[in-house]
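Colleague: Hi! Could you walk me through this one? I'm new to reading structures.

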Amino acid sequence: MTKRQDLIVIGGGPGGLVVASVAAQLGLRVTLIEKSDRLGGDCLHSGCVPSKTLINAARIAHTARQGAESGLLASMPGIVFDKAIDEVHRVIDQIQAVDDPERFRGYGCDVIFGAARFTGPHEISVGEQTLRGRRFVIATGSRPAIPPIPLLEQTGFETNETIFRRRDLPEQLAVIGGGPIGVELSQAFSRLGSQVTLIEAADRLLINEDEQTSKLIESALAGEGINIITAAQVGGVRREGDYRQVALADGRTVECNRILIATGRRPAVHGLGLEEAGVTFSKRGIEVDRRLRTSQKHIYAVGDVCGPYQFTHMAEYQAGIALANIVFRSPKKTDYRVVPRVVYTDPEVASVGMTLAQADAAGIKYDIAEFPLAEIDRAITAGHSKGRARLLIRKGRLLGASIVAPHAGELLHELALAMQVKATIKDISATVHAYPTYAQIHRRTVNKHYAHLLQSKS
């Protein structure tokens, strides 16, 4: 017998969970289908949560090391890596309790574990079951993109999906990919005791950020002993016992006993039967309009599977847009003007709005306002000097912003809110900021900009 539902959600990550829980609580007949054996998605099990927990453990180790080097601590305590992994899984389990399937069933949402495949525009199969739906939301996320490196499969490698399950600290770790995942995990493993080599094909790290930001992060990582190789193509890899060698196209080699691939992610579109459903997709993911409808207007997509940003907070935002269109029949459209993004290195990198390159490519005229972290009293008291704030200003309002500083991800939201409500930089200057805080950098940046304008007119 074919079961008929108002809404079928495919994918139990952040976007799918928001859609399914809200729709069920509003009275719709909802089925949530998850391919794995647990809810939560990549973010909970192999992405944001485990990586940030490991980064925190690495920060503790780094702080202790600094204390020993300064003489504040008599000696450097030993690092027990498997205890850090234990903490990673304790945190996952704690958050997993919120994503308990019984919680969603309590909302009236059916939860099915298994691989879903469209057999037509309104029908899917899951194992032996067949379900028909009036509307669908595809929220299957993304998977690590594995580059075509000769002998990589035979040699063996790690990704974010496997690295947090290892209980032994790699003595030597080669990280291929200098994007957010690569730089975050390079620093974390280095601080925990691995000898890390970070290899990036582009001429700098964090290629989607501005050049100055890349240089600041590269300097910070190199200062902690990470070997950074940029503008380097990997020609192949090989293995002898537990040791591996990464061969670069220019003839150099990198010795290691673990390889971590961090070369981006690809949308999880294959095996869903999208062709049978008549849903248009490509290697970039499922194509959607601003209401998140696919080429089949009753089928929606949210999160990494459709992009354009692969962030958990973007999946949750898109889930709200899809719900407005599906449940409330309100023609709500996506607005990507203000999308915060954070790289959780130390110092953190946080950005919102346009970058310099994007503004230049669009032919937009703007002013730049900058202020160094080294002149912020709170940073001085904490011994932090590497970093800065940079604002892109057009007609007295923010066009974009980036911060390199401790807690930059927390600091960013004042600027994101200013952009969202179209506040002026004068509003930022007029806001009283508590002393001494890192957040004073916003007011100091704006005031320095005003001082420069006054000097130029005098």
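Modeller: Happy to! One term to start with: a nonpolar core is a set of buried Ala, Val, Leu, Ile, Met, Phe, Trp, Tyr and Cys residues joined through side-chain atoms within 4.5 Å. Also keep in mind that this is a predicted model.

Colleague: Got it. How many residues does the largest nonpolar core have?

Modeller: The largest one has 35 residues. Leu 54, Phe 189 and Leu 221 have the most contacts inside it.

Colleague: Which helices and strands supply at least two residues each?

Modeller: The helices α3 (48-70), α4 (81-96), α7 (180-192) and α8 (211-223) do, and so do the strands β8 (172-176) and β9 (195-199).

Colleague: And what does Leu 54 touch, leaving out residues up to four places away in sequence?

Modeller: Its partners are Phe 81, Ala 84, Ile 85, Val 88, Phe 164, Phe 189 and Leu 192. There is also a second, separate core of 28 residues, and Ala 389, Leu 412, Ala 418 and Ala 423 are among its members.

Colleague: Switching topic: at what angle do α1 and α10 pack?

Modeller: Helix α1 (residues 14-25) and helix α10 (residues 312-326) pack at about 35 degrees, and their axes are 7 Å apart. Their crossing is right-handed.

Colleague: Which residues make that contact?

Modeller: From α1 you have Pro 14, Gly 15, Val 18, Val 19, Val 22 and Ala 23, while α10 brings Thr 312, Ala 315, Glu 316, Ala 319 and Leu 323. Sorted by class, that gives 8 nonpolar, 2 polar and 1 charged residues.

Colleague: Nice. How many salt bridges does the structure hold?

Modeller: It holds 25. One of them joins the side chains of Glu 209 and Arg 341, at 3.2 Å from N to O.

Colleague: What about Glu 102, which residue does it pair with?

Modeller: Glu 102 forms a salt bridge with Arg 105, with the closest N and O atoms 2.6 Å apart. Both residues lie in helix α5 (residues 101-106), 3 residues apart, or about one turn of the helix. Arg 105 counts as partly exposed because its relative accessible area is 35%, between the cut-offs of 20% and 50%.

Colleague: Last one: which residues are linked in a network of salt bridges?

Modeller: That network links Glu 158, Arg 166, Asp 168, Asp 242, Arg 244 and Arg 258.

How values were computed: Residues numbered from 1 in each chain as written. Predicted model: local features only at pLDDT ≥ 70, side-chain atom pairs only at ≥ 80, totals over all residues. Heavy atoms only, no water. Axes fitted to C-alpha atoms, helices over the stretch in contact; angles between N-to-C directions. Helix = DSSP H or I, 4+ residues; strand = E, 2+ residues; numbered from the N terminus. Left-handed = near helix turned anticlockwise from the far one by under 90°. Contact = heavy atoms within 4.5 Å. Nonpolar A, V, L, I, M, F, W, Y, C, P; charged D, E, K, R; others polar. Buried < 20%, exposed > 50% of the residue type's maximum accessible area, 1.4 Å probe, protein only. Salt bridge = Lys/Arg side-chain N within 4 Å of Asp/Glu carboxyl O.
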